[in-house]
Amino acid sequence: MYGAPVTASLEIPQELPSYFSQIPAPMPVMQDAKVGTLRLGGTLLRNLPPMPSGVLNDLSFTNSRQVEAAQLMNDLRAVHEITRMQERRSKAIAKARNRQAQRASERR
């Protein structure tokens, strides 16, 4: 004897229901595809969703580049002010060190 012993009962496989054996749904009625009907389809009114109110009323004449440039200039002004404050502090420290060195050299 070869292999494991079979102790379970033998089951007969059942056939699964086929997709194609089901009764198909009725086909929808096709619309007329004449040239006049196709032309009319593009001219029917279509309701689009409303545009958001407020700032976005006029989207064709926005000044987004101007706003962006103004923000950039404002940021550059703030950065330049920080740089100027750092330079003033550095000059004040250098001036104090020079005075201290001058006093120390005069005492000798």
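Reply: The chain exposes about 12,100 Å², an accessible area found by the Shrake-Rupley method with a 1.4 Å probe, where for residues only the protein chains shown count as cover. Carbon and sulfur atoms supply 59% of that area. This is a predicted model, where local features need pLDDT of at least 70 and side-chain atom pairs pLDDT 80 or more, while totals for chains, interfaces and linings use all residues. Residues are numbered from 1 along each chain as its sequence is written, and side-chain values use heavy atoms, with hydrogens and water left out.

Of the 108 residues in the chain, 0% are buried (under 20% relative accessible area; exposed is over 50%, partly exposed in between, with a 1.4 Å probe and protein chains only). The chain has 2 helices and 0 strands (DSSP runs numbered from the N terminus: H or I, at least four residues, for helices; E, at least two, for strands).

Now go to helix α2, residues 64-107, which holds both Arg84 and Glu81. The two form a salt bridge (a side-chain nitrogen of Lys or Arg within 4 Å of a carboxyl oxygen of Asp or Glu). Their closest N and O atoms are 3.5 Å apart. Along the helix, Arg84 and Glu81 are 3 residues apart, about one turn. Arg84 is partly exposed at 35% relative accessible area. Glu81 is partly exposed too, at 32%. The count comes to 1 salt bridge.

Leu72 also sits in helix α2. Leu72, Met73 and Leu76 form a nonpolar surface patch (residues with over 30% relative accessible area and no salt bridge, nonpolar side chains joined within 5 Å, like charges within 9 Å). Together they have about 280 Å² of accessible area. Leu72 is partly exposed, at 47%.

Lys95, Arg99, Arg103 and Arg107 form a positive surface patch. Each charge is placed at NZ of Lys or CZ of Arg. Arg107 lies in helix α2 and counts as exposed, at 72% relative accessibility.

Terms used:
Lys, Arg positive; Asp, Glu negative; His and termini not counted.
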